[in-house]
Each structure stands twice: as C-alpha cells, then as structure tokens.
Amino acid sequence: MSLRQFQVQQQSSGAVFEHPEENYPLASHFGSPEKEYQAARKSAAVFDLSNRDQIELSGTDRLKFLHNFCTNDIKGLQPNQGCEAFVTNVQSRILGHINAFHHGDSIWIDTAPGQAEEITRHLERYIILEDAHLLVRTQEFGSLYLSGPDATDILKQLDLEVEGLEEFHQLSVSNSDARLTVRRVDWFGQPGYLCSLQYVKIGEFWNRLIESGAVPAGQQVFDALRIESLYPIYGVDLSDANLAQEASRTAQSISFKKGCYLGQEPIARIDSLGHVNKEIRSIGLEGAWVPPAGAKVMFAGDDGPEEAGTITSAARSFGKYPVVAMTVLRKSANAPGTEVEVVADDQSATGTVFTEWN
C-alpha cells in the first residue's frame with residue numbers, strides 16, 4: 001500500500017492523525033506501532049515528516065547573515081555540510097530550532113512544523129543592506145526520515161552513496177528529477193537520514209524505501225523515539241519562554257567560539273555559571289496511561305511533594321518503559337534516576353527521569 005493510499009484509507013475510516021494539516025495529514029501508525037518501533041530500533045523505519053518547514057536563504061551575504069542570528073557556526077560550514085542551531089532573541093530566548101545546510105549558492109533551513117513564518121518574519125526585520133533573501137519552500141519540498149541500523153544499507157540499494165556520509169553532511173543527488181538531498185542527522189542515536197525532495201515525488205520515493213526493506217512508521221512511534229532520544233520539537237516542547245541552554249542541546253547547537261550574535265551575551269553568562277535553573281528531560285513511566293500535555297510533574301522535596309515541571313509531550317513506547325514523556329524540569333528534580341509522579345485530574349503514574357536511552 002502506498003503512503004497516499006494509506007492516508008486516504010485512514011481519512012475515510014475516521015482515524016485520528018497526529019499534527020493534522022489540511023492537505024497533508026500524517027498517519028499516527030500503519031497498523032502495528034509495536035512492530036514499527038522494533039523495526040526502528042533493530043532494522044530501519046521510514047517516517048513521513050513532510051509537515052516540517054523548509055526555508056531557502058540565498059544572496060551573497062547568506063552565510064554571514066544567518067551566522068549573526070543563530071547559536072552555531074554558520075560561516076564555518078563547507079558546501080554539503082550542516083549544523084543544528086537555535087535562532088534566539090536578544091535575551092537568548094528560543095525563537096526557532098533549526099538544521100541549516102550549505103547548498104553552495106544557498107542555505108536550506110529545516111525546522112519544526114509551522115515555524116517558517118515566525119522565523120522568516122524575525123530574520124527579515126534585520127535585513128537592511130544585506131544581500132539575503134528568504135523563501136519558504138515547504139509547499140514544494142517534503143521530507144522522509146529513514147532511521148535505524150539498516151538505514152545506510154537501504155539507501156545504498158537505491159544507488160545512493162551514503163556509506164561515508166558523516167553526521168550533518170549531505171548528499172545532493174545531481175541526477176535526481178525530484179531534486180533529492182539526503183541529510184545525515186542521527187536524531188535517535190543511530191543512523192538517520194532526512195531525505196528532502198519535491199513534494200510530488202514523495203510517494204514514489206516512500207515506496208522505493210519500503211521495497212528496499214524499510215518499515216513504514218507513524219507519528220506515534222516517531223514521538224516515542226524522539227522523546228527517548230531527548231529530541232524536543234519547537235512549538236510542542238520548546239517555545240520563546242525557554243532559554244537556549246534549557247533545551248538540553250547545548251553540545252549540538254551552541255558554539256562558544258564564534259563571534260557576536262543576537263543573544264550571545266546571556267548564553268555566555270549562563271555558560272560561565274555552569275547551569276540553568278530548569279532543563280528538558282525525559283521521563284519513563286510505568287503503566288499504560290499516556291499523560292496529556294500540561295500534566296504536572298511532582299517530586300519529593302524536603303518539605304513534601306513539590307511541583308517540578310509540566311509534561312510537554314508523551315507517547316506509548318515499546319522499549320524500556322511502556323510510556324515516555326518530555327518535560328522541562330527544575331534543577332532540583334532533573335538528575336537522571338530521580339523518581340517523580342506525573343499527575344493530571346484524577347490520574348497519576350510514577351516515573352523515572354533519564355537523559356540517555358539505554
């Protein structure tokens with residue numbers, strides 16, 4: 001069954017989609033979330049991420065301009081190299097979480113669903129004399145994410161030379177009529193490839209990946225894997241209420257060697273202090289209850305139970321814990337191994353804080 005056929009079938013049966021969009025609903029699963037999860041961990045699974053936004057930045061000042069408004073070293077990128085970064089305001093509050101890739105004559109920015117408008121509006125405010133031009137490409141280009149131990153071999157079957165592709169490097173396929181670009185991003189701590197291509201070719205490439213051994217997987221499993229891997233989604237787990245270092249992505253997303261940029265001074269001060277007062281963490285929960293966003297996270301303080309944070313996202317899992325959840329936790333409760341209780345209305349579950357998935 002093709003991706004589009006499955007989507008149409010789900011629509012007609014009244015199935016619920018995660019992150020629904022008017023023209024591109026995403027399937028919550030493809031029949032068996034457990035099999036999808038096991039495939040992602042033991043072989044390879046492919047996820048439809050075409051609701052993620054893509055922005056193209058062109059112009060002779062493109063590298064210097066973006067370098068001045070995000071947390072990582074954009075000017076140091078070589079062609080077909082990328083990096084993860086935060087777009088921040090002057091207070092170092094997060095305005096966007098991006099993956100930027102050097103395409104030679106332009107920079108392509110991959111970011112969370114629905115964030116392109118906010119990011120482009122913010123950046124365009126600072127274009128005065130610079131030769132820099134932002135164009136949202138989401139309607140033309142979509143993304144499939146292939147992840148798992150066998151992901152590299154599956155792409156090799158399609159004559160895509162990715163075996164030597166290091167993390168945050170990309171392969172631009174020159175002879176592709178779909179303008180395919182394969183970007184190595186190991187979001188789940190295993191080989192992962194974000195495949196960007198023209199929207200009209202998504203279904204065809206999806207089928208080729210499945211024919212080569214990839215298992216189709218839905219948003220339920222994607223959320224479980226990203227929560228287990230401590231990979232937050234902007235607009236879900238992060239917002240402009242969060243400081244850059246609260247995202248637990250400092251090593252991947254922040255350069256302390258680059259020059260000045262918007263938000264640098266607060267980030268440098270936090271680094272000199274050694275910590276922030278709260279930070280993204282994942283929680284493994286016992287039982288079958290999947291807590292809603294906004295559920296309270298409680299822990300045993302010196303004077304009794306104290307609130308330490310709220311759940312931002314949660315998903316059923318098929319790994320070490322039956323349910324996993326993400327939250328921004330106070331420093332007093334966010335050490336790995338801390339026992340907590342998640343509470344919402346008349347339901348609750350005990351859980352354990354973790355930062356690395358074993």
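Is Asp 159 buried or exposed? Asp 159 is exposed, at a relative accessible area of 69%; here buried means under 20% relative accessible area, exposed over 50%, and partly exposed in between (1.4 Å probe, protein chains only). Before the views, a note on the model: it is predicted, local features need pLDDT of at least 70, side-chain atom pairs count only at pLDDT 80 or more, and totals for chains, interfaces and linings use all residues. Residues are numbered from 1 along each chain as its sequence is written, and side-chain values use heavy atoms, with hydrogens and water left out.

View 1. Look for it in the loop between helix 5 (151-157) and strand 8 (170-172); helices (H or I, at least four residues) and strands (E, at least two) are DSSP runs, numbered from the N terminus. For background, most residues other than glycine have a negative phi.

**View 2. The largest pocket, with about 350 Å³ of space.** A pocket here is an open set of points on a 1 Å grid over the protein atoms alone, where a 1.4 Å probe fits, with protein on both sides within 12 Å along at least five of seven lines; lining residues have an atom within 4 Å of a point. Points are joined across faces, edges and corners, and the volume is the space filled by probe spheres set on them. The lining of this pocket takes 18 residues, and Glu 84, Glu 167, Phe 168, Arg 249 and Gln 252 lie nearest the centre. Strand 3 (residues 82-88) gives the most to that lining, with three residues. By type, the lining splits into five nonpolar, eight polar and five charged residues.

**View 3. The largest nonpolar core, with 38 residues.** A nonpolar core is a set of buried Ala, Val, Leu, Ile, Met, Phe, Trp, Tyr and Cys residues joined through side-chain atoms within 4.5 Å. Phe 47, Tyr 145 and Trp 187 have the most contacts inside this one. Helix 2 (33-42), strand 1 (45-48), strand 4 (94-102), helix 7 (219-228) and strand 15 (323-330) each supply at least two residues, and the largest share, five residues, comes from helix 7. Zoom in on Phe 47: leaving aside residues up to four places away in sequence, its contacts (heavy atoms within 4.5 Å) include Ala 40, Tyr 145, Phe 188, Trp 206, Val 221 and Leu 225. There's also a second, separate core of 25 residues, with Leu 146, Ala 151, Val 182 and Phe 205 among them.

**View 4. Salt bridges, 15 of them in the whole structure.** The criterion is a side-chain nitrogen of Lys or Arg within 4 Å of a carboxyl oxygen of Asp or Glu. Arg 184 and Asp 186 meet at 2.6 Å, N to O. Arg 184 counts as buried at 13% relative accessibility, and Asp 186 does at 18%. Arg 226 and Asp 223 pair up at 3.0 Å, N to O. They sit three residues apart in helix 7, so about one helical turn separates them. Arg 226 is buried at 2% relative accessibility, and Asp 223 is buried at 11%.

View 5. Arg 330 belongs to strand 15 and Glu 306 to strand 14 (residues 304-316), so the pair ties together parts that are 24 residues apart in sequence. Arg 330 is partly exposed at 32%, and Glu 306 is partly exposed at 25%.

Terms used. Ala, Val, Leu, Ile, Met, Phe, Trp, Tyr, Cys and Pro count as nonpolar, Asp, Glu, Lys and Arg as charged, and the others, Gly among them, as polar.
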